[in-house]
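Here's a quick tour for anyone meeting this structure for the first time. Have a look at it, then read on.

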Amino acid sequence: MACIVGGLATSHVPAIGGAMAKGLQKDPYWAPFFDGFPATHRWLDSVKPDAAVVIYNDHGLNFFLDKMPTFAVGAAPEYRNSDEGWGIPVLAPFKGDTRLSWHIIETLVGAEFDPVSCQEMLVDHAFSIPMELFFRDRAHVIPAVPVVVNTVQHPLPSLARCFKLGQAIGRAIESYPEDIKVVVIGTGGLSHQLEGERAGFINKDFDKVCMDAMTGDISQLTRINPHDLVELAGSQGVEVMNWVAMRGALTGEVVELHRNYHLPISNTASGIMLLENRPRLAHAA
Ligand code: DHB
Ligand code: FE
């Protein structure tokens with residue numbers, strides 16, 4: 001049976017892609033962000049997961065306002081990256097794990113989640129940048145299952161629903177018959193707002209609540225409705241929905257191994273987390 005080794009989360013600001021292409025990781029502006037990654041690389045090198053389930057949001061590349069699924073799951077052999085307008089380098093296609101994809105889709109539909117299944121799918125910076133940040137280069141990159149959550153067009157799914165989606169994904173992975181190790185990744189956040197009167201809005205206190213809730217009391221987040229979440233996190237900070245779904249997929253005892261928080265990166269408070277999923281000890285009946 002497959003097992004879930006842990007969860008990773010990172011912000012996915014497009015400018016990070018430009019910084020990596022220019023080799024600016026040690027630049028004073030960028031170092032406080034990129035210095036958050038070696039701990040995740042060491043962990044990935046020791047745990048060696050076989051596949052990644054990547055929960056993120058599309059920003060108008062694959063889905064646009066005319067057709068906006070609340071949840072979608074990729075089921076393609078490969079996922080092409082493309083530029084939806086930021087001018088950052090386009091990365092080589094990412095390999096999919098179609099068997100795991102279909103198992104997750106079938107399990108989700110069986111659990112009364114009804115995602116759109118995508119046998120062709122473009123992936124934007126919210127998928128490609130975290131893959132590059134965590135897996136560094138093509139020698140390290142592992143096959144992925146992209147899971148898309150609508151964080152863009154209201155009505156948004158609630159944080160409670162995102163958590164339950166994650167729980168259903170967790171159950172799907174653990175019922176997958178192959179002996180593989182799976183890491184679950186959530187991308188986006190933390191607080192930011194790119195437009196309107198509150199452009200530039202950041203909320204440090206709420207970002208700490210989000211990070212602490214990953215190992216603490218998740219109801220601190222799941223009780224917040226989508227409109228209050230916009231108020232607290234900013235209109236794009238709602239991307240923390242992807243973190244909450246990732247957290248929902250961790251079925252065991254969740255232990256924080258590492259976090260990094262720095263602001264601003266572009267307009268965003270950047271957060272990185274590494275969560276271990278320790279199997280719960282089975283109790284005698
Ligand atoms: C920025 C942040 C995002 O999450 C995004 O998708 C695009 C831009 C930013 O801060 O520039
Ligand atoms: Fe974003």
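Predicted model: local features only at pLDDT ≥ 70, side-chain atom pairs only at ≥ 80, totals over all residues.

Residues are numbered from 1 along each chain as its sequence is written, chains are lettered from A and ligands numbered from 1 in the order in which they are written, and side-chain values use heavy atoms, with hydrogens and water left out.

**Around ligand 1**

- Ligand 1 has 13 residues around it, and the closest are His59, His125, His192, Ser266 and Thr268; a residue counts if one of its heavy atoms lies within 4 Å.
- That shell splits into five nonpolar, seven polar and one charged residues, with Asp, Glu, Lys and Arg counted as charged, Ala, Val, Leu, Ile, Met, Phe, Trp, Tyr, Cys and Pro as nonpolar, and the others, Gly among them, as polar.
- For polar contacts with the ligand (pairs of N or O atoms within 3.5 Å), look at the side chain of Ser266, with an N or O atom 2.6 Å from an oxygen atom of ligand 1.
- The side chain of His192 has an N or O atom 2.8 Å from a ligand 1 oxygen, and a polar side-chain atom of Glu239 is 3.2 Å from one.
- On its own, ligand 1 exposes 290 Å², and the protein buries 97% of that (areas by the Shrake-Rupley method with a 1.4 Å probe).

**The iron ion**

- Ligand 2 is an iron ion, coordinated by His12 (NE2), His59 (NE2) and Glu239 (OE) at 2.1 to 2.3 Å; donors are N, O and S atoms within 2.8 Å of the metal (3.2 Å for Na, K and Ca), and sites may look incomplete because water is not among the atoms.
- His12 is in the loop between strand S1 (3–10) and helix H1 (15–21), while His59, 47 residues apart from it, is in the loop between strand S2 (51–56) and strand S3 (71–74).
- Helices (H or I, at least four residues) and strands (E, at least two) are DSSP runs, numbered from the N terminus.

**Backbone spots**

- The His154 to Pro155 peptide bond is cis, with omega near 5°.
- Another cis bond runs from Gly189 to Leu190, with omega near -10°.
- Glu112, a residue other than glycine, has a positive phi near 70°.

Notes
Polar contact = N/O pair within 3.5 Å; in protein donor to acceptor, adjacent residues only side chain to side chain.
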